[in-house]
Amino acid sequence: MANKSPWVTPLKKLPASLRPIVSMQEKHFGAVLNPTRWWGRLPWLFWLVALFIGFLERRGAKIDAVTRSLVMTRVSQRCCCEFCIDANSLRLAERSGSMEKVLAVANWEEETLFSERERTALAYADAMTATPPCVSDELKAALKTHYDEKALTELTALVAFQNLSARFNAALDIPAQGLCVPAAGKRPHV
């Protein structure tokens, strides 16, 4: 992935209303995450986006944490979002306990380390991320064998959210941060 210069410049100073998000990012990652410097122009919309993903990532989520990270990483790859690949790969490595699934998710169809439930979620992520979305009847049937309707709704919302995030970041050329995928001159977080 080539580092590009953003064509919309990041904010140097963020609005005070984002202080809670900024503090959490600095505590967890040691820095403000790159997208915050672009979303900061629309702080209330950013809060809505943060609350949306916060709900999908809650402890009682219907989709397990590893599957959520697999799906988010896969959508990030499909949308060519450097920052999202970096951040979601870090989360997948943390949640799965190794880099094995991180390195395999790009070629998940040929890999054997994913469960049938994970494979179905990854196929759904690919189908939903296609333009236009193309979810076959066979895939719908497979999804219903692994997920109830509430879980399917959450999985659909998660894929849709990650498409929003990845397409926003990719369109604005928001760079990777070196959290998991090395950025120029940076050691990964994992």
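**Entry 1: the loop between H4 and H5**

I began with Cys 80, which sits in the loop between H4 and helix H5 (82-96); helices here are DSSP runs of H or I of at least four residues, numbered from the N terminus. The model is a predicted one, in which local features need pLDDT of at least 70 and side-chain atom pairs count only at pLDDT 80 or more, while totals for chains, interfaces and linings use all residues. Residues are numbered from 1 along each chain as its sequence is written, and side-chain values use heavy atoms, with hydrogens and water left out.

I noted that Cys 80 has a positive phi of about 55° although it is not a glycine. Most residues other than glycine have a negative phi, and most peptide bonds are trans. Is Cys 80 buried or exposed? With a relative accessibility of 59%, Cys 80 counts as exposed, where exposed means over 50% relative accessible area, buried under 20% and partly exposed in between, using a 1.4 Å probe and protein chains only.

Cys 81 also belongs to the loop between H4 and H5, but Cys 81 counts as buried at 0% relative accessibility. I listed its contacts (heavy atoms within 4.5 Å) and found that, leaving aside residues up to four places away in sequence, Cys 81 touches Ser 76, Ala 166, Asn 169 and Ala 170. Cys 81 and Ala 176 are 95 residues apart in sequence, and their C-alpha atoms are 8.3 Å apart in space.

**Entry 2: H5 against H9**

I then looked at how H5 and H9 pack, and found an angle of about 130° with the axes 7 Å apart. The axes are lines fitted to C-alpha atoms, for helices over the stretch in contact, and the angles run from 0 to 180 degrees between N-to-C directions. H5 is therefore oblique to H9, since angles under 35 degrees count as roughly parallel, over 145 as roughly antiparallel, 65 to 115 as roughly perpendicular and the rest as oblique. At this meeting, Phe 83, Cys 84 and Asn 88 of H5 come up against Gln 162, Ser 165, Ala 166 and Asn 169 of H9.

Glu 154 is another residue of H9, and I found Glu 154 buried, with a relative accessible area of 8%. Beyond residues up to four places away in sequence, Glu 154 touches Phe 55, Leu 56, Arg 58, Ala 61, Lys 62 and Ile 63.

In the segment after H9 I came to Asp 173, which has a positive phi of about 55° although it is not a glycine. Asp 173 is buried, with a relative accessible area of 18%.

**Entry 3: H7 and its surroundings**

Helix H7 covers residues 116-129, and its 14 residues reach 20 Å from the first C-alpha to the last, close to the 20 Å expected at 1.5 Å a residue; the expected span is 1.5 Å times one less than the number of residues. How many of the residues of H7 are buried? I found 11 of its 14 residues buried, among them Glu 118, Ala 121 and Tyr 124. The buried residues of H7 pack against helix H4 (65-78), helix H6 (100-104), helix H8 (137-146) and helix H9 (149-171).

On the H4 side I looked up Thr 67, a residue of that helix, and noted that Thr 67 is buried at a relative accessible area of 1%. Not counting residues up to four places away in sequence, Thr 67 touches Glu 118, Ala 121 and Tyr 147. The side chains of Thr 67 and Asp 64 are joined by a polar contact of 2.7 Å, a polar contact being a pair of N or O atoms within 3.5 Å; within protein, one must be able to donate a hydrogen and the other to accept it, and residues adjacent in sequence count only if both atoms are side-chain atoms.

In the loop between H7 and H8 lies Pro 132, and I noted a cis peptide bond joining Thr 131 and Pro 132, with omega about -5°.

**Entry 4: confidence**

Last, I checked the pLDDT, the predictor's confidence in each residue from 0 to 100: the mean for the protein is 93, and 93% of its residues reach 70 or more. Over residues 184-190 the pLDDT is below 50, and beyond near neighbours in sequence this stretch has 19 contacts in the model. Where pLDDT is low, the predicted coordinates should not be read in detail.

Terms used
Helices (H or I, at least four residues) and strands (E, at least two) are DSSP runs, numbered from the N terminus.
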